Structure formats: C-alpha cells, structure tokens
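Dear colleague,

Please find below the structure that I am handing over to you. My notes on it follow directly after.

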Amino acid sequence: MRALTPWPGLATMKKEMDRLFDRFWDGDVFRAPALGEWSPTVDVAETAEAVVVTAEVPGMDASGIHVSVQDNVILTLTGEKKQEKEEKEERYYHAERSYGAFARAVCLPEAVDSSKATATFKNGLLTVTLPKGPEAKGTMIPIKTE
C-alpha cells in the first residue's frame, strides 16, 4: 500500500490548509500566519475578572518573546525561534521542527486593562493574564424601594 501513497506529507498539508481556512472564516484575519513562518498555537479563555491567553512556544526562552497590547483589545506576541546548528556531517531524513520569526495577534473578547497585565513562562508555555477593564466589567445599579 505504501507505493500507492503519492506523497507522505499530503495529509499534513491538508490539515494545515484546513486550519488556515478555518482561521480565515473565523473573522480573525490577524491570526493567519504569513507563508514560510511558524505560528504558536494559542488558547484564549475568559474568567469573571480577566482574559487569559496561553501560547505554546516550545524550545524558546522568555527573553526571545515580546508581548504587547494595542488599544486594549489586540494582544500581539512576537519573537524568533533560532535554530542551533553544529557543523557536523549530518543528513536529515525527516525534519518537522519549525524555526524563524513569528508574529501572532489575537483579538481579545473584552477590553482589558493592559497596565495590570502579567505574563509568565514555564516549560514552553507562555501565559498572559489581562485583567478586564472597568467598562468590560459593567456596573451594578442598586434598586431603591419605595
């Protein structure tokens, strides 16, 4: 059966194309990576008090990652994963690890207070906690009884 498979990477390419089209139809055009770049996978969660963004950036140091917030609604992660090469006579038969610069922007579901944001990095996971802004929390209006 192996001889009938035209190209072993075809299934992976289909998966990546499906993911790209899913991102495009999501309405979040900021998330689509440019061709030739890698992009960390991201989870966005919301609690009562904050928006929490977790990004997978394996093989990187925290010093190589930059986090910024624009207009309190767009979180941008940038950095570069450098390939360490030793001058050896090696021939690669299979290589899947990605290297190079990345830029990832995520539209946040709520306005945040970026001045109180925190970021932690452990075991290849970057976690950014962005407290919601006062306008996102809303205000309670007390009801008076007569």
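**Findings**

Asp71 lies in the loop between strand S3 (65-70) and strand S4 (74-81); strands (E, at least two residues) and helices (H or I, at least four) are DSSP runs, numbered from the N terminus. This is a predicted model, in which local features need pLDDT of at least 70 and side-chain atom pairs count only at pLDDT 80 or more, while totals for chains, interfaces and linings use all residues. Residues are numbered from 1 along each chain as its sequence is written, and side-chain values use heavy atoms, with hydrogens and water left out.

Asp71 is not a glycine, yet has a positive phi of about 55°. Asp71 counts as exposed, at 71% relative accessibility; exposed means over 50% relative accessible area, buried under 20%, and partly exposed in between (1.4 Å probe, protein chains only). Asn123, in the loop between S6 and S7, likewise has a positive phi, near 50°, and is a residue other than glycine. At 74% relative accessibility, Asn123 is exposed. For context, most residues other than glycine have a negative phi.

As to the overall fold, the chain has two helices and seven strands, which follow the pattern α-β-β-β-β-β-β-β-α along the sequence. Of its 146 residues, 24% count as buried. The accessible surface comes to about 11400 Å², 55% of it belonging to carbon and sulfur atoms; areas come from the Shrake-Rupley method with a 1.4 Å probe, and for residues only the protein chains shown count as cover. Among contacts (heavy atoms within 4.5 Å) between residues at least 6 apart in sequence, 55% join residues at least 24 apart.

Four strands form an open antiparallel sheet in the order S1-S2-S7-S6, where two strands pair if DSSP finds at least two bridges between them. S1 and strand S6 (118-122) stand at the edges with a single partner strand each, so one side of each has no neighbour in the sheet. Neighbouring strands of this sheet are turned by 15° against each other on average, direction ignored; the axes are lines fitted to C-alpha atoms, for helices over the stretch in contact, and angles run from 0 to 180 degrees between N-to-C directions. S6 and S7 run antiparallel and are joined by five bridges. Ala119 has Val128 in S7 as its bridge partner.

Which salt bridges does the structure hold? There are two, a salt bridge being a side-chain nitrogen of Lys or Arg within 4 Å of a carboxyl oxygen of Asp or Glu. Glu46 pairs with Lys132, the closest N and O atoms being 2.6 Å apart. This pair links distant parts of the chain, 86 residues apart: Glu46 is in strand S1 (42-46), and Lys132 is in the loop between strand S7 (125-131) and helix H2 (134-137). Glu46 is partly exposed at 40% relative accessibility, whereas Lys132 is buried at 10%. The other salt bridge joins Asp113 and Lys116, at 3.8 Å from N to O. Lys116 is exposed, with a relative accessible area of 54%.

Finally, Leu10, Met13, Met17, Leu20 and Phe21 form a nonpolar surface patch with about 440 Å² of accessible area together. Patches are made of residues with over 30% relative accessible area and no salt bridge, with nonpolar side chains (Val, Leu, Ile, Met, Phe, Trp, Tyr) joined within 5 Å and like charges within 9 Å. Leu10 belongs to helix H1 (residues 10-25) and is partly exposed, at 42% relative accessible area.

With kind regards
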